[in-house]
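User: Please take a close look at the ligand site in this model and describe what surrounds the ligand.

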Amino acid sequence: MSGCLISLEGGEGAGKSTVLADLRAHIEARGIVLRVTREPGGTALGESIRDLVLDGSMQDVCAESELLLMFAARAQLVRELIRPALERGDWVLTDRFTDASYAYQGGGRGQPKERIADLERWAADGLRPDLTLLLDLPVEMGRARADKRGVPDRIESEQAEFFDRVRASYRARAEKEPGRFRIIDSSRELAEVRDAACAAIDQFMAARSSAS
Ligand code: T5A
């Protein structure tokens with residue numbers, strides 16, 4: 001079976017990093033070779049860009065620079081890690097991908113969708129995940145969870161209205177592409193969220209097997 005790309009998305013404190021470890025074990029237990037990565041980041045260049053773009057002391061970053069930095073990291077990740085892995089037939093699980101740019105830089109910062117779509121075509125090489133798990137929960141709940149982790153980074157320091165727009169944008173994308181997205185209610189107990197995420201993977205694998 002050929003490789004495939006799975007992304008995990010959600011607002012702040014949605015539980016992506018927490019669920020990712022379980023998903024990794026769940027997928028690998030089925031004998032699949034899996035690469036796990038994150039955005040922004042995942043390569044030496046991408047991790048440097050991550051440090052820069054999330055640096056809380058870096059004020060007055062314009063929306064255009066932020067968008068381009070996200071895509072600079074993504075362009076490198078696609079070419080250095082994701083495409084080669086998919087071509088080998090491996091699977092890739094990424095903590096965020098281009099939907100995050102539509103939600104944060106599009107919904108949150110008001111960057112035009114067409115501009116992001118253009119970048120997606122050339123910088124991300126037109127690559128879209130085969131499956132996207134959207135961990136969705138009320139903004140305040142997610143922020144309360146994220147706050148427990150300590151000092152917020154530059155983006156985490158945004159106002160609640162920014163994250164309302166991010167959430168609305170994610171949900172709108174999921175509703176528009178129900179074949180690719182699975183919305184997981186992550187306001188529930190962690191065990192329930194994990195089970196729902198693993199069940200979505202099982203369903204996806206079953207559909208792939210029956211299609212091949
Ligand atoms: N960004 C990224 C853009 O603006 N554009 C882009 O194109 C991209 C790719 C970095 C930032 O970059 C922005 C978005 C982000 O602001 P990130 O590293 O994914 O992206 O950062 P965060 O969204 O901040 O992700 P986090 O890793 O901080 O949050 P998670 O992973 O969603 O949450 P997690 O797992 O760390 O959980 C948070 C806390 O809640 C607890 C956990 O134990 C933890 O303490 N928790 C639960 N508690 C109770 N019940 C549950 N069900 C729980 N699940 C988790």
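Analyst: Helices are DSSP runs of H or I with at least four residues, numbered from the N terminus. On that basis helix 4 gives the most to the shell around the ligand, with four residues, while helix 1 (16-28), helix 2 (44-54), helix 3 (63-88) and helix 8 (190-211) are among those that each supply at least two. This is a predicted model, in which local features need pLDDT of at least 70 and side-chain atom pairs count only at pLDDT 80 or more, whereas totals for chains, interfaces and linings use all residues. Residues are numbered from 1 along each chain as its sequence is written, and side-chain values use heavy atoms, with hydrogens and water left out.

The shell holds 28 residues, the closest being Ser 17, Thr 18, Arg 50, Arg 96 and Arg 149, where a residue is counted if one of its heavy atoms lies within 4 Å of the ligand. By class, twelve of the shell residues are charged (Asp, Glu, Lys and Arg), nine are nonpolar (Ala, Val, Leu, Ile, Met, Phe, Trp, Tyr, Cys and Pro) and seven are polar (the others, Gly among them).

Turning to polar contacts (pairs of N or O atoms within 3.5 Å), a side-chain N or O atom of Arg 50 is 2.5 Å from an oxygen atom of the ligand, and a polar side-chain atom of Glu 12 lies 2.9 Å from a ligand oxygen atom. A nitrogen atom of the ligand is 3.3 Å from a polar side-chain atom of Arg 145. Taken alone, the ligand exposes 1000 Å², of which the protein buries 84%, with areas from the Shrake-Rupley method and a 1.4 Å probe.

Technical notes: Polar contact = N/O pair within 3.5 Å; in protein donor to acceptor, adjacent residues only side chain to side chain.
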